[in-house]
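Please look over the sequence and the structure before reading on.

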Amino acid sequence: MTTVTEAEQVAVAGARRRQVLARLGPFLGLIAVIAVFALMTDSPSQYLSVRNFRIVVAQTVIVALGAIGMTMIIVSGGIDLSVGSAIALTGVVSALGLRDGMTPLLALLLGVAAGGVIGLVNGLAITRLKVIPFIATLGMLGVARGVAKWVADQQTVNIPETWINELAVTFPRPEWLIVAPGVWLTVILAVVAALVLRRTVFGRRVFAIGSNEAAARACGIPVDRMKIWIYGLAGLLFGLSGVMQMSRLRQGDPTVAIGTELDVIAAVVIGGGSLNGGVGTILGSMIGASIMAVLRNGSQQMGWPNYIQEIIIGAIIVAAVAVDRVRSLKRQA
């Protein structure tokens, strides 16, 4: 009979505590950020009001949708730096469709499909051309932005009034929706993505590839085909995020979303995802996206200039990656 020593019991207990802290970390971080800004602002009641809550969740949609797709990519051991450019291009594509007389639904699907094409191209470059994800998506960052400016003729594309304009509004109609339709759509997609990652063969393979790609290949997992699927599905979500961006601005703008990829990646890492792959949750990424939105909203209410926001977010990204590195070393120990 095998007996468990006291040292082993302590080690197991310590591992469980670390798991609990890892899961609670994003929630505690969100509460801490909200508390800090509530104390610093001149009017805490206004900051914590339902009206401001609606503003924050509406602002979260674009990054949150991107974070769902980025979670799959990062868990699989990849990265995508073309998110901001993909959002700009897909928003322009949808806006051009609406301007040229397409039905709103068809224009929305066209923008989402454009995002899927960008993702597929990234996946093919990574798997067929053997370009590392960082370089492949960095190249796509420039290509997609350039194409967006080209098809928009380097100007904004105004759109007619349709129900698409209501997807990301702060105060929706009808009022019983409480928050924008885009918020509810994001929640539904987040739940579906979480179930897919945790309850399906596809999800288990995504984690297997990120944990140990060589072992995944040895087990018969079609790694290259999986990566194409992962980047393609993520691209669809980036495309939907672009439609939401267009909805907020009520026009397609080829110059928007510069640097959004940093917010999206930061949301995933802050939410517990590991840039080394194999670790991450959709719920954590949603909390991370909320933290980013709260930070920007709080900074705006404090009247801080944009460069202060950029410094804070940059510092948070570095801190989140450092924490991720420490977690990885502990797992290896």
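## Overall form

The model described here is a predicted one. Its secondary structure consists of 13 helices and 2 strands.

Among contacts with a separation of 6 or more, 78% join residues 24 or more positions apart.

## Surface and charge

The protein exposes about 16,400 Å², and carbon and sulfur atoms supply 66% of this area. Buried residues, in turn, make up 49% of the 333 residues.

The charged side chains comprise 26 positive and 16 negative ones. The centres of these two sets lie 9 Å apart.

In soluble globular proteins, nonpolar side chains tend to be buried together. In this model, the largest nonpolar core contains 90 residues, of which Ile68 and Met70 touch the most other members. Helix H3, spanning residues 50–75, gives this core its largest share, namely 14 residues.

The contacts of Ile68 reach well along the sequence: leaving out residues up to four places away, Ile68 touches Thr186, Leu189, Ala190, Ala193, Leu237, Ile282 and Met286.

## Ser241 in helix H10

Ser241 belongs to helix H10, which covers residues 223–249. The relative accessible area of Ser241 is 0%, so this residue counts as buried, the cut-off being under 20%.

Apart from residues up to four places away in sequence, Ser241 touches Ile62, Leu65, Gly66 and Ile87.

## Asp263 in helix H11

Asp263 is found in helix H11, formed by residues 260–270. Is Asp263 buried or exposed? Asp263 is buried, because its relative accessible area of 8% falls under the 20% cut-off.

Beyond its neighbours within four places in sequence, Asp263 is in contact with Val63, Met292, Arg296 and Ile313. Asp263 can also be placed relative to Asp324: the two are 61 residues apart in sequence, and their C-alpha atoms are 16 Å apart in space.

Note on methods
Residues are numbered from 1 along each chain as its sequence is written. This is a predicted model: local features need pLDDT of at least 70, side-chain atom pairs count only at pLDDT 80 or more; totals for chains, interfaces and linings use all residues. Side-chain values use heavy atoms; hydrogens and water are left out. Helices (H or I, at least four residues) and strands (E, at least two) are DSSP runs, numbered from the N terminus. Buried means under 20% relative accessible area, exposed over 50%, partly exposed in between (1.4 Å probe, protein chains only). Contact means heavy atoms within 4.5 Å. Accessible areas come from the Shrake-Rupley method with a 1.4 Å probe; for residues, only the protein chains shown count as cover. Lys and Arg count as positive and Asp and Glu as negative; His and the chain ends are not counted. The place of a charge is taken as NZ of Lys, CZ of Arg, CG of Asp or CD of Glu. A nonpolar core is a set of buried Ala, Val, Leu, Ile, Met, Phe, Trp, Tyr and Cys residues joined through side-chain atoms within 4.5 Å.
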